[in-house]
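Keep the viewer open while you read, and follow along section by section.

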Amino acid sequence: MEADAAKLIGAGLATIALAGVGVGIGNIFGNFVAGALRNPAAAPKVFGNVLLGFALTEAIALFALVIAMLLLFVF
Amino acid sequence: MATEADHGAGGHSPLAQFEIKRLVDINVGGVDASITNSTVWMLIAIAAITLFMVIGMRRGALVPGRWQSMAEMSYEFVAGMLRDNVGTAGRRYFPFIFTLFMFVLFCNLLGMIPYSFTVTSHIIVTFALAAVVFIGVTIIGFARHGAHFLKLFVPSGVPIFLLPLLIVIELISYLIRPVSLSVRLFANMLAGHTMLKVFGGFVVALGIIGGWAPLAFVVALTGLEILIAFLQAYVFAVLTCIYLNDAINLHH
């Protein structure tokens, strides 16, 4: 296989990480909505934590992006 | 890809916006200390923060106006964050956390202005910030607790035969902190701005007839990016507070 083709395939494969991140973000907001419906009074208090969890999970997706970028532009 | 880099210099690549250009060449004893567009935007960010706080608090009225209440809100936001995460022992580190938060926030937000330069989209800038946090927190931990600070790496209440494995894991997760802290901010900014540029390219490519759909999407994405700019500054500051809490209160 040509090195360029392998690089592109590798970068594409790196985006599979998004599957896990999708599960993670869905989990965070799904559980937040479920919890907020049970106890709406407590919802504003945990929203900061929800955003923190969202940002931390999103960062995992961006690590995959960094890997893809490294494969495409560095090697 | 060399061709991509050549292409990028033309200004059509989505990554061309991250290019660092030398504006004034300065060479101090063999060290390249030139003023670049990155330097200029950092200075603009610092000037903007100074203006925002100094002019906002100039009158110091008991009933704040709009500007003053924004300045007070930013102060109270960081102070509350420090109070919730570290407690009263963290109050003396407030100036550092506040400076860090405001610098990252203003760099992110100034980057949202069209044709500006996003300082935080470069790994070296965010890594320098994260390294300062990491080294500072480690020094604070050792200064306050001495050798007891090493207890941070020994989780309590685990079977003794698991300890060698867990200590290694804890140590790695501690040492990886500056990397994850910096890559998170840098990658968010890089990805966001690249995405905006790519969709901007769609608008140009589809022209006046079909370009409206991606244009609407770009507008929505810009809103999201402003949220992300704020959120990432918040996350950076909150994680600094959490690391500081580990070092000061040392319960694991």
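## Helix α5 of chain B

How far does α5(B) reach from its first C-alpha to its last? The span is 32 Å for 23 residues, close to the 33 Å expected at 1.5 Å a residue. After α5(B) comes B:Gly146, with a positive phi near 60 degrees.

## Confidence in the model

Please bear in mind that this is a predicted model. For chain A the mean pLDDT is 88, and 100% of the residues reach 70 or more. Within chain A, helix α2 (residues 17-38) has the highest confidence, at 93, while helix α3 (residues 43-74) has the lowest, at a mean of 84.

As a reading rule, where pLDDT is low, the predicted coordinates should not be read in detail.

## Where the two chains meet

How many residues does each chain bring to the contact? Chain B supplies eleven residues and chain A supplies ten. On the side of chain B that touches chain A, the elements giving two or more residues are α7 (177-210) and α8 (212-249) of chain B. The most comes from α7(B), with five residues. By class, this side of chain B has seven nonpolar, two polar and two charged residues.

## A crossing of two helices in chain B

Two packed helices are described by the angle between their axes and the distance between the axes. For helix α2 (residues 37-56) and helix α3 (residues 66-85) of chain B, the axes come within 8 Å and cross at roughly 115 degrees. The crossing of α2(B) past α3(B) is left-handed.

From α2(B), the contact uses B:Phe52, B:Met53, B:Ile55 and B:Gly56; from α3(B), it uses B:Trp67, B:Gln68, B:Met70 and B:Ala71. Sorted by class, the contact of α2(B) with α3(B) has six nonpolar residues, two polar ones and no charged ones.

## Two loop residues of chain B

Look next at B:Gly90, in the loop between α3 and α4 of chain B. Is B:Gly90 buried or exposed? It has 20 C-beta neighbours inside 10 Å and therefore counts as buried, since the cut-off for buried is 20 or more. Leaving aside residues up to four places away in sequence, B:Gly90 touches B:Leu82, B:Cys241, B:Leu244 and B:Ile248. Its C-alpha atom is separated by 9.6 Å from that of B:Ala79, eleven residues apart along the chain.

B:Tyr115 sits in the loop between α4 (94-110) and α5 (123-145) of chain B. B:Tyr115 has 5 C-beta neighbours inside 10 Å, so it counts as exposed. The phi of B:Tyr115 is near 70 degrees, a positive value in a residue other than glycine.

## A residue in helix α1 of chain A

To finish, find A:Ala5 in helix α1 (residues 3-14) of chain A. Why does A:Ala5 count as exposed? The reason is its 9 C-beta neighbours inside 10 Å, because a residue with 12 or fewer is exposed. The C-alpha atoms of A:Ala5 and A:Ile67 are separated by 16 Å, and these two residues are 62 residues apart along the chain.

Key: Residues are numbered from 1 along each chain as its sequence is written. Chains are lettered from A and ligands numbered from 1 in the order in which they are written. This is a predicted model: local features need pLDDT of at least 70, side-chain atom pairs count only at pLDDT 80 or more; totals for chains, interfaces and linings use all residues. Two residues are in contact if their C-beta atoms, placed from the backbone, lie within 7 Å. Helices (H or I, at least four residues) and strands (E, at least two) are DSSP runs, numbered from the N terminus. Ala, Val, Leu, Ile, Met, Phe, Trp, Tyr, Cys and Pro count as nonpolar, Asp, Glu, Lys and Arg as charged, and the others, Gly among them, as polar. pLDDT is the predictor's confidence in each residue, from 0 to 100. The expected span of a helix is 1.5 Å times one less than its number of residues. Axes are lines fitted to C-alpha atoms, for helices over the stretch in contact, and angles run from 0 to 180 degrees between N-to-C directions. A crossing is left-handed if the near helix is turned anticlockwise from the far one by less than a right angle, and right-handed if clockwise.
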